[in-house]
Every structure is written in structure tokens, then in C-alpha cells.
Amino acid sequence: MLQIKRGKVDGYFHPSGAGQQCCYEKSGNLLVGAPGGGSVDKVSPQNFLGHFLEDVLPAFLCCFGPLSNCDAYYQKRPSDNGEGYNPPNPACVYGDPHIVTLDGFKYTFNGKGEYLIAQVDDIFSFQGRMTQAVNPQGDPVGASVFSAVAMSDGSSIIQFQIGFSDDPDALINGTFIDFTEVSLQQFNGVAVEKDGNKLFARFNSGAYIEVREENGFLSILLVSFPILWKGRTQGLIGNYNGDTADDLTPCTGNPLSLDADLKTIHEMFGVTWSINRPQDSLFTYPEGESWANYTFPNFEPTFEVVFSNSSLEQEADDLCGDDFFCRFDIATTENTMVGLLTLYVIHHASTGLALPQIPAAAPSATLGSGVTRPS
């Protein structure tokens, strides 16, 4: 999977370690072909000796050494300009949680507990913890937000969660990762990075997970899986097969209609993906707590847009216009910042732009007339 970060190629991950090297001029133009263009690598640069023997040495001997046969080298290991590359569409989770599946279907599910976001056969598992949201006064409301996620490819378990200071923490196999000195750290089969309020996990298998903390919860989750995992993935982010029609398939049974209402989606789809046994959970728990402390099968959220007061409804009208998801989030959480975040995500996703840095505010803040909808 090719990972693009801040507009630049950041890495290419493949389970075999093979990949395509890309080289650029100082001006930023991609170099293709002899003598300076990138070429196919047989071995990942992480394997220093193997990469040197299989990739660096052949290139040196053919193009700069005694063999002097650079054209033949590039015939066997050509440059790639990226033409024809079809990047997988990411799934996205944001707000109070709204979920966009890997196939592009959008729905809302407010659970409370731990759920299977995605299971890829027996090679990758991704779980999420939803906790009950509170309003700016600290009172619980009929909505939920993501507070932690855990993922594993069978070799390492990575956990992202909200820390004590609302800054996201990362754990590897139950141990906290210290990013004080190094922001990007490599573990067995996975690289983990922290950048401000964002955490990233890049697995050698091609799985990519990004979370962003805003207002005391994991406000945005981005999930990208390799195309080879099509037809093998199930869970809250849908059946990954290029067809949205079966994205609301419960853990057992037939797919729901995509027109199903929020209550039906909650009861007949969402809760069926609960982690129902402690031995199935990937999470590390605080001392004195266990899976049982995060299991609430009878939680019933709000299914209708009902505002607690007319002033809040007027703020939602001014901020959201007729956007249902924005209005829903403000009504259920009583927090206009959550609605603003949802509106920003929807706007930038629809225009194909990268997600912006959401304006910072305390969880108890309400937005005044100076805040406007994105244009």
C-alpha cells in the first residue's frame, strides 16, 4: 500500500518486503528510468543486508560499476510513474459515530461497549470501544463516542486510546509507547507514529489506521486495507467487496436494507458485532477493570433529532443548515463542537480535500455567532 503523508510519498508496505522505489528531482518532479529513476526493490530497506545485496549492489554494478548495462537493469526492474494505480478507498468514522464503510456506505451507530470494526479472515482484527457521551455540563446523553481502538495482525497488538490529559496514548502489547524522543517507532510488523493529536499505525500487511483526538474523544478514524482483502473483510465498516448492498450484514444472518432506520441498524446490525467474550477482546484494561466494565448490551441511544432547548436548536440551524448528521450530533451530544467537526469532515470528504485541523476548543465550549459553516 502506498502511503501519502503531507503530499509526499512516505512509504510502501508489502508483506514480502518488496516494493517500488520512487526518486524525485529537487524540484519535486518524479524521475523515471536511467540513470536516476526509482526501480523495483526485492527486499525491504528495513532488512539492511538483504536490501544491499539484492537491490543496492545490482543497481550500482549495472549503472555505475564495471558492468555498464544500466538500460538492461531498468528493463528488469523498471521505474513506475504510478499510472494505473488504484488506491483503496478508506473507511472513515467520525463524530457521534457516523461510519463510512470501505465500500462507501454511510450510516450512524451509537453503541456502548467494545465492537468488531473489522475482521479479515484470521489475519487481521480491528476493534473499537464506544463510551457514552456527556454534554458540556458533564451529564450523560443518549449518544456515544469512540474512546479507544485495538488492532492486531497476529504478531503485535496496538491500542490507541484517550489518555488522562485527553491526549491520545498508544500501547504495544499492553505497554505504553513513549514518543518523547522519537515520534516514529518500528515494531514487529508495524510502524507507529504520533503527530500532535494524531496517531498512525502502518502494518507491513498494508493495513493503515489513523486516529485523531478532538474534544476528549477519538473524533476521526481512518481505515485503509489492501485491495487483496476484498471479499475477506466483515464488521462495522462493512463487507469489503465493492458493493454497498451488503454493508449492513450482521454477524450472523442476512444483510439489512440500506434504508433501515437508526433503531433497526442499532438492534439488528450494530450490536451483533459486540465483543461478547472476554477472551475475544484485544484491549488492555486499567488495573482493577476488565472486559465486563465495558460491556453494555442493553444501552439504547437516542434515535431522533430532539433538541433539549430552543437556543441549542437555533445554534444548530445556524451552523448546520439542513445537514442531518451535523444536526443529529448537536442534538444528541448538546455540544456544537461535535457538530462542527462532523460538518468539516463531510465538507472536506465531498470536495476531496485533506482533512483540516479542526479548530480547538474545550469540550464545554459552545460556539457563538463568529463561527460559520465551511463554504
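On a 1 Å grid over the protein atoms alone, a cavity is a set of points where a 1.4 Å probe fits but cannot get out, and lining residues have an atom within 4 Å of a point. This is a predicted model, in which local features need pLDDT of at least 70 and side-chain atom pairs count only at pLDDT 80 or more, while totals for chains, interfaces and linings use all residues. Residues are numbered from 1 along each chain as its sequence is written, and side-chain values use heavy atoms, leaving out hydrogens and water.

A search of the whole structure turns up 1 cavity of 30 Å³ or more. The largest cavity has a volume of about 40 Å³, a volume being the space filled by probe spheres set on the points, which are joined across faces, edges and corners. Its lining is formed by T108, F109, N110, L262, H266, P301, T302 and F303.

Now for the helices, which are DSSP runs of H or I with at least four residues, numbered from the N terminus. Helix α4 (residues 310-320) packs against helix α5 (residues 324-333) at an angle of about 155°, with their axes 10 Å apart; axes are lines fitted to C-alpha atoms over the stretch in contact, and angles run from 0 to 180 degrees between N-to-C directions. That makes α4 roughly antiparallel to α5, a label for angles over 145 degrees. Where they touch (heavy atoms within 4.5 Å), α4 contributes L312, E313, A316, D317, L319 and C320, and α5 contributes C326, R327 and I330.

Methods:
Helices (H or I, at least four residues) and strands (E, at least two) are DSSP runs, numbered from the N terminus. Angles under 35 degrees count as roughly parallel, over 145 as roughly antiparallel, 65 to 115 as roughly perpendicular and the rest as oblique. On a 1 Å grid over the protein atoms alone, a cavity is a set of points where a 1.4 Å probe fits but cannot get out, and a pocket is an open set with protein on both sides within 12 Å along at least five of seven lines; lining residues have an atom within 4 Å of a point.
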